[in-house]
Amino acid sequence: MTDDEGPDGGVLGAALDRREDPSLLTGEAKYTDDITHDGMLHMSVVRCPYGHAKVERVDASEAEAHEDVELVLTPEDLAESDLPGTLESIGMMVPKENWPMEAGPAEMFLPDYPLLAGDRALHQGHPVAVVVATDRYVANDATELVDVEYERLDAVANPAEATEDDAPALYEGAPDNVIFDWELGDPEAVDEAFESADHTVDIELEHPRVIPDAIEPRATIADFDPLTEKLTVEMTSQNPHHHRLWLSNTLDYPEHKIRIVAPEVGGGFGVKIHHYPEEALTSWCSMELERPVKWVQKRSEAHMTDAHARGHVTEASMALDDDGTILGLQADTHAALGAYVSTHAPLIPTGSYGMMLPGPFDVPAMRVNVIGTFTNTSPVDAYRGAGQPEATFVIQRLLEMAARDLDIDSAEIRRRNFIPPEEFPYAETVGNMVYDSGDYEKTLEKALEIADYDQYRQRQKELRDEDRYVGIGIASFVELTGLGPSKPGVPGPLPTFHESSLIRFHPSGTVTAYSGTADQGQGHKTAFAQVVAEELGVPYEDVEVIQGDTDQVPQGTGAFASRSAVVGGNAMAKSAEKIVEKATKIAAHQFEADEDDVVFEDGEFSIKGAPERSISMAEIAHEAHQANAIPDGMEPGLDATTFFDPDAPTIPFGSQVCIVEVDPESGEIDFLEYVAVDDCGEQINPQIVKGQIHGGIAQGLGPALFEEGKYDDNASLVSGTLMDYALPKANQLPDYDVECTVTPSPTNELGLKGIGEAGTIPAPTALVNAVVDALEPFGVDHVELPATPEKVWRAVEKGGEQ
Ligand code: MCN
Ligand code: SMO
């Protein structure tokens with residue numbers, strides 16, 4: 001097998017270089033901010049500087065008087081307009097009886113999410129007004145001419161404190177700041193497990209808030225054409241068709257009159273899924289002015305207003321028998337959802353966290369309670385891993401504590417608890433999930449072998465005698481990927497969770513393939529071309545892939561929940577199958593043979609047993625368009641469209657082993673080894689898969705080591721810029737050894753599972769487990785995230801006192 005060939009000798013599964021890279025790496029690629037239109041204006045946003053404030057008065061007169069200012073929109077204008085003016089969250093769009101999870105929140109408090117704060121601004125950065133001017137700098141400066149009078153109110157940022165009696169309520173209808181109080185599992189079975197257990201462990205932890213930072217901030221150009229009445233919106237979107245529907249609702253404007261185009265998008269990681277005020281405000285301004293309007297977010301605005309992530313306060317415990325077998329698990333979590341309920345926010349701490357809490361383990365009894373709370377902060381929503389780094393942290397920290405107490409090796413306690421391979425396909429869990437396929441131990445064994453685990457355990461003992469502290473951290477995980485289906489009953493937000501594909505065969509035999517998903521750097525144009533080329537038997541170079549334009553692609557869902565390969569890839573394969581089916585009929589007609597006698601191999605049709613006479617797929621495409629020699633009554637052309645709605649999500653898995661040396665004097669952490677073994681089923685392109693795992697680990701280690709979104713007691717963001725928010729740099733991260741095992745998913749023909757988030761999920765846990773293991777001689781039993789040198793040092797000091 002070379003890099004140009006997959007396991008079966010074809011292009012599917014080949015580790016090809018990504019075809020999109022030359023333009024991305026040479027700076028040729030066009031991002032939203034690279035685009036200009038004639039007569040384009042620029043929007044800038046006036047934002048509330050406080051965590052919580054009454055908006056007493058907005059006086060725009062001075063800004064309006066500026067000669068280069070074309071428009072100022074205030075809350076009064078919004079109230080006077082006939083726009084709905086609020087954003088929807090999926091909680092609003094899904095009737096309760098159709099809540100896409102069996103165990104979904106029974107009730108939710110869902111307030112309006114206004115485009116512009118009215119009488120009250122509920123978090124720092126919420127838009128209060130917008131200014132449109134002829135030039136970006138004038139627009140920015142003119143925001144200072146809008147005179148807003150605020151009265152500051154008490155604010156709360158911590159999700160657990162938000163539910164206390166003396167906390168300020170964000171909404172009258174939710175005096176305790178509770179959005180939902182969700183419980184899953186069997187409390188009685190858990191009580192019994194804890195009563196009968198030989199051993200229990202418990203932990204109180206905070207999973208700190210993470211602020212996502214894609215290289216490209218959010219940006220929008222809205223261009224309303226008064227003649228055609230078409231609104232074209234170029235924007236940084238992971239899911240253009242969803243954004244079209246949401247914008248249609250927010251602006252009360254027909255969906256077919258809106259075209260969303262996602263140009264090259266410089267990273268999304270979840271942030272660019274959601275529906276925010278600014279894209280709708282830009283569109284509204286363009287419709288008012290009948291001119292193109294551009295808005296480009298500044299980094300400090302991104303920190304204040306992009307959906308944040310994690311932000312849990314948790315108490316959890318585990319019951320085990322004395323050989324380390326898990327008997328019960330319980331967790332009580334306060335999850336900060338911010339000042340408004342963002343698009344998918346309720347699903348993250350429930351479906352992706354609560355239901356995934358058992359991880360890869362056979363947990364016989366579980367109870368989890370999640371209280372989603374309002375806080376005076378930016379909304380919290382999906383971000384790479386979405387709830388599962390949090391879930392993995394809880395169960396894998398508890399298991400690690402139990403291993404230490406019971407004096408069982410960290411790897412061994414995991415082996416004893418994994419769901420065994422014979423339970424598959426379709427192992428059912430106490431989280432109400434169905435896992436499709438798995439061989440969890442295999443990834444662990446492979447990771448241990450690569451990391452030379454046994455040798456490091458030995459070294460660890462020897463080095464302690466030299467006052468050197470090496471620690472080994474293991475984290476095994478599973479993940480919910482490949483969402484759908486769309487139909488309720490299985491996790492998956494509406495409006496859609498299926499994926500479309502359209503394959504167009506041109507008369508010359510080349511192909512354009514359209515996919516409903518839209519990438520932000522994941523390499524879909526390469527991967528989907530591999531699927532199409534393989535299935536159609538045409539050269540890879542003859543296939544072009546188009547995404548990210550709602551007027552070109554029939555319908556779509558988008559790139560998130562690591563779903564594009566599974567749902568989009570299989571949609572492609574299915575359209576290709578339809579084409580092969582029709583082409584077979586044409587070939588039979590040409591051969592004057594029975595359809596059943598026609599074989600299709602390596603892009604050539606021939607008659608069984610008579611390979612000397614053959615017709616290529618490209619020739620058939622030509623014939624199909626010529627329509628001279630096709631069966632009577634057959635439509636000309638050779639295109640196919642598919643909407644693929646899978647029956648179930650896919651559950652990839654893996655294990656990471658992190659080996660560090662910790663300096664107890666300074667709290668500094670040095671990486672010695674970092675091994676990740678992942679299983680995402682079959683792979684379309686192993687090089688892309690590895691790249692995804694690399695990026696994913698970095699995104700998990702950032703919040704493990706340094707990243708923390710902090711608000712002060714007034715809910716003012718302390719980490720508002722990259723001066724105060726430490727993104728990891730390449731030289732601070734280890735070299736990774738990345739390997740894969742292959743356990744195909746039975747849910748889809750290609751046998752794929754998602755990989756886009758897998759690296760991120762176990763990384764914080766692997767790191768903390770390693771640090772705690774290193775510091776065992778100091779009595780350290782936990783280090784909070786992020787494990788900064790200060791926290792590590794304090795843990796050593798505190799541990800020493802015990
Ligand atoms: N792939 C494959 N074989 C598989 C699975 C995936 O070859 N068995 C390939 C796919 O063809 C695709 C890539 O790996 O090129 C990732 O596929 P998938 O796991 O389906 O994820 P999506 O394409 O749906 O991307 C979303 C996912 C998520 S949810 C986040 S968050 C994240 C991630 O991708 N954001 C990213 N990786 C990112 N990578 C980049 N560069 N930028 C982001 O914003
Ligand atoms: S957080 Mo990924 O875009 O689902």
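This is a predicted model: local features need pLDDT of at least 70, side-chain atom pairs count only at pLDDT 80 or more; totals for chains, interfaces and linings use all residues.
**Ground rules.** Local features need pLDDT of at least 70 and side-chain atom pairs count only at pLDDT 80 or more, while totals for chains, interfaces and linings use all residues. Residues are numbered from 1 along each chain as written, chains are lettered from A and ligands numbered from 1 in written order, and side-chain values use heavy atoms, without hydrogens and water.

**Helix α7.** I looked up α7, residues 187-196, a DSSP run of H or I, at least four residues, numbered from the N terminus. Val190, Ala193 and Phe194 are buried there (under 20% relative accessible area, 1.4 Å probe, protein chains only). Down the axis of α7, these fall within an arc of 95 degrees, so they line one face of the helix; the arc uses directions from the axis to the C-beta atoms. On the face turned away I found Glu188, Glu192, Glu195 and Ser196 exposed (over 50%). What covers the buried residues includes β10, β15, β16 and β17; contact means heavy atoms within 4.5 Å, and strands are DSSP E runs of at least two residues.

**Ligand 1.** Next I checked the 31 residues around ligand 1, meaning a heavy atom within 4 Å. Gly268, Gln522, His524, Ser564 and Gln692 come nearest. Helix α19 gives the largest share, 3 residues.

For polar contacts (N or O pairs within 3.5 Å), a ligand oxygen is 2.9 Å from a polar backbone atom of glycine 756. A ligand nitrogen sits 3.1 Å from one of isoleucine 684.

Key
A polar contact is a pair of N or O atoms within 3.5 Å; within protein, one must be able to donate a hydrogen and the other to accept it, and residues adjacent in sequence count only if both atoms are side-chain atoms.
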